[in-house]
Amino acid sequence: MSVTREDVLKALSAVTEPETGKDVVSAGIVQGVVVKNGNIGFSLEIDPKEAEAKEPLRRACEEAVKQIKGVLSVTAVLTAHSDTPSSSRPAPAAPKRAPSAQAGPQNIPGVKAIVAVASGKGGVGKSTLAVNLALALGHLGMKVGLLDADIYGPSVPRMMGLSGKPQVSKEKKLLPLEAYGIKTMSIGYMVDDSTAMIWRGPMVQSALTQMMSEVDWGELDVLIVDFPPGTGDAQLTMVQRVPLAGAVIVSTPQEIALMDARRGIAMFEKTHVPVFGIVQNMAYYEAPGSGEKTYIFGEGGAKRVAEELHADFLGDVPLVPEIRAGMDEGKPIVATDPGSKAAAPFMDIATRLAAKLYEEGGTKKPPKISIS
Ligand SMILES: Nc1ncnc2c1ncn2[C@@H]1O[C@H](COP(=O)(O)OP(=O)(O)OP(=O)(O)O)[C@@H](O)[C@H]1O
């Protein structure tokens, strides 16, 4: 018999929160439970100041759920509870937008939430995160689409091991190409890289609009958009046109990348798109035998920027050869080995993101993803 959400809550109700003496479910701190084929994810809402002190409780919750027969993996994350200051609170799922003189954002029928994965600078691992995050959200039970909007260097086809031209439906819509349960669309299916590179601003814009509105995505819980790197006009226009639920900013730890990450955050804030948080990619390299960590690009820079800008820090992704190899071969690590150590950071970040999207859900109300 497959594991249910009720099984998870039952197991968690045996875990006691030391301060209140209540079990974690009655204490109301368990949120965003997701169950998918034996893979379980949930968050524990805490005061962020107590993050370290609550780590044993988080582990105890994971252990309790692991004991359920049929459970393959468990990811519990600590998130800020809703009456903590806004600087550490998850951003709201529904975007508040500035009125725009231009055409406003158009909803995509059937798509409940659109999330941008963006970086101020190229080459920091934005596409790697977008692809693995999409796959990890799929493992958490969401119906996921992945739109490669990185028109100047589309990498989703290669990373997902996909090629060929999309079919066109009777309704004259492009049909996404699918791999590992994720629906994808990329300009890379339509033109070769060198053609896209020489496009001017308006052409880029119309190609992107087409990919947003003329694709039959079907029913999706979330559409991950791999944004073009940078913070120029093309990106700004996209932020204004696409009804984003929020953005995830990717940066490496070195100062030059962080400066661009700050610009990226400013761009989203200017257009009133919530920044869900910052991911620090290539955070460190861990030596295979000894496990010794080397902070090749400096230590903790993105975490500091998150604090400085009152954004949430969504997690570190280390520099791992298997991650790169997987992307090059079209076999992303989260697809081929979701339970591996290399895939774990992506699963953690996805659980945090899902908790933000399910913010008003959790154990008390049914999960709700809203973008209107
Ligand atoms: N955590 C990681 N560990 C190992 N290799 C990584 C990691 N993240 C990214 N890479 C590798 O770094 C290179 C750049 O990554 P990626 O293409 O995702 O960056 P990007 O920010 O999307 O770049 P661009 O904006 O130029 O498209 C790729 O070869 C990728 O496999």
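The model is predicted; local features need pLDDT of at least 70, side-chain atom pairs count only at pLDDT 80 or more, and totals for chains, interfaces and linings use all residues. Residues are numbered from 1 along each chain as its sequence is written.

**Confidence**
- The chain's average pLDDT is 82, where pLDDT is the predictor's confidence in each residue, from 0 to 100.
- A score of at least 70 is reached by 84% of the residues.
- Over residues 82-103, pLDDT stays under 50. The model has 48 contacts beyond four places in sequence for this stretch; two residues are in contact if their C-beta atoms, placed from the backbone, lie within 7 Å.
- Residues 360-372 also stay under 50, and the model has 30 such contacts for them.
- For the complex, the predictor gives an ipTM of 0.98 and a pTM of 0.73.

**Overall make-up**
- The chain holds twelve helices and twelve strands. These are DSSP runs, numbered from the N terminus: helices are H or I with at least four residues, strands are E with at least two.
- Of the 372 residues, 50% are buried. Buried means that 20 or more other C-beta atoms, placed from the backbone, lie within 10 Å of the residue's own; exposed means 12 or fewer, and partly exposed lies in between.
- Among contacts between residues at least 6 apart in sequence, 76% join residues at least 24 apart.

**Ligand shell**
- There are 20 residues around the ligand. A residue is near a molecule or strand if its C-beta atom, placed from the backbone, lies within 6 Å of it.
- Gly122, Gly125, Ser127, Thr128 and Arg324 come nearest.
- H3, strand E10 (275-286), strand E12 (313-319) and helix H10 (321-329) each give two or more residues to the shell.
- Eight shell residues are nonpolar, nine polar and three charged. Ala, Val, Leu, Ile, Met, Phe, Trp, Tyr, Cys and Pro count as nonpolar, Asp, Glu, Lys and Arg as charged, and the others, Gly among them, as polar.

**Recorded binding site**
- An unreviewed UniProt entry lists Gly120, Lys121, Gly122, Gly123, Val124, Gly125, Lys126 and Ser127 as "binding site". UniProt positions are given in the numbering used here, feature names are shortened, and annotations may be inferred rather than shown by experiment.
- Val124 sits in the loop between strand E4 (114-118) and helix H3 (126-139). Val124 is buried because 26 other C-beta atoms lie within 10 Å.
- Beyond four places in sequence, Val124 touches Ser119, Val250, Ser251, Thr252, Ala257 and Asn281.
- Ser127 is part of helix H3. Ser127 has 26 C-beta neighbours inside 10 Å, so it counts as buried.
- Beyond four places in sequence, the contacts of Ser127 are Asp150, Ser155, Val156, Met159 and Asp226.

**Met159**
- Met159 belongs to helix H4 (residues 156-160). Its 27 other C-beta atoms within 10 Å make it buried.
- Met159 and Arg324 are 165 residues apart in sequence, yet their C-alpha atoms are 9.7 Å apart in space.

**Helix H12**
- Helix H12 covers residues 344-357. At 1.5 Å a residue, its 14 residues should span 20 Å, and the end C-alpha atoms are 20 Å apart, which agrees. The expected span is 1.5 Å times one less than the number of residues.
- Twelve of the 14 residues are buried, so H12 is largely enclosed by the rest of the structure.
- Among the buried ones are Pro345, Phe346, Met347, Ile349 and Arg352.
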